[in-house]
Amino acid sequence: MTNQSDALPVLSIDGASFVDFAGFVREFSRLLPDATWNGNLDAFNDILHEGFGTPETQWVLRWLDSDASRAALGQDATVRWLEQILRTCHPSNRADVEARLRGARRGQGQTLFDMIVEIIRDHGPRGEDSENGIILELL
């Protein structure tokens, strides 16, 4: 933890509170007094832009027991998530999702944990949307 983050608003999620992606969705949604997140990663990205109950200025997202989350949102969870996406995706996206699914089944490619962390970090220092000022602490 940095001294800079000590003075900022902190929102915490607890990796010990969930064992799958649906649990992560519930855990993160509890931080949002003005909305409920449905698990769509594009919507997650939008939520981090502010306006859904997250602080309007720079803030800290403290992810407790993140190693448990890394396991819960690993390759197996990613395969299940991609299988679900494949059932409902637009036909023009089907080939891409199928390729990602094949890779995930071989243990290759980003996991759900990796994707979520990447989205959060994109809203922090040196990220594409750094003006949102989110500091991610993986504990």
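Me: Where is the place of Asp-65?

Reply: Helices (H or I, at least four residues) and strands (E, at least two) are DSSP runs, numbered from the N terminus. In this predicted model, Asp-65 is in the loop between E2 and H4. Phi of Asp-65 is near 50°, a positive value in a residue other than glycine. Residues are numbered from 1 along each chain as its sequence is written, and side-chain values use heavy atoms, with hydrogens and water left out. As the model is predicted, local features need pLDDT of at least 70 and side-chain atom pairs count only at pLDDT 80 or more, while totals for chains, interfaces and linings use all residues.

Me: Does one call Asp-65 buried, partly exposed or exposed, and what is the term for Arg-126?

Reply: Buried means under 20% relative accessible area, exposed over 50%, and partly exposed in between (1.4 Å probe, protein chains only). Asp-65 counts as partly exposed because its relative accessibility is 36%. Arg-126 has 81% relative accessibility and therefore counts as exposed. Arg-126 lies in the loop between H7 and E3, and its phi is near 70°, a positive value in a residue other than glycine.

Me: Which residues does Phe-44 touch?

Reply: Contact means heavy atoms within 4.5 Å. Phe-44 lies in helix H3 and is buried, with a relative accessible area of 0%. Not counting residues up to four places away in sequence, Phe-44 touches Phe-28, Trp-37, Ile-116, Ile-119 and Ile-120. Phe-44 and Ile-116 are 72 residues apart along the chain, yet their C-alpha atoms are separated by 8.5 Å.

Me: Which residues of the largest nonpolar core touch the most other members?

Reply: In soluble globular proteins, nonpolar side chains tend to be buried together. A nonpolar core is a set of buried Ala, Val, Leu, Ile, Met, Phe, Trp, Tyr and Cys residues joined through side-chain atoms within 4.5 Å. The largest one here has 36 residues, of which Phe-21, Phe-24, Phe-28, Trp-37 and Trp-63 touch the most other members. H7 gives the most to this core, with 7 residues. Leaving aside neighbours within four places in sequence, Phe-24 is in contact with Ile-13, Phe-18, Trp-37, Trp-63, Leu-73 and Ile-116.

Me: What span does H5 reach, and which of its residues are buried?

Reply: The expected span of a helix is 1.5 Å times one less than its number of residues. With 14 residues, H5 reaches 20 Å from its first C-alpha to its last, close to the 20 Å expected. Its buried residues are Gln-75, Ala-77, Thr-78, Val-79, Trp-81, Leu-82 and Leu-86. These buried residues of H5 pack against H2, H3, helix H4 (66-72), H6 and H7.

Me: How much space lies in the largest pocket, and which helix gives the most to its lining?

Reply: On a 1 Å grid over the protein atoms alone, a pocket is an open set of points where a 1.4 Å probe fits, with protein on both sides within 12 Å along at least five of seven lines; lining residues have an atom within 4 Å of a point. Grid points are joined across faces, edges and corners, and a volume is the space filled by probe spheres set on the points. The largest pocket holds about 630 Å³ of space. Of the 22 residues that line this pocket, Gly-39, Asn-40, Leu-41, Trp-81 and Ile-85 are the closest to its centre. H5 gives the most to the lining, with 6 residues.
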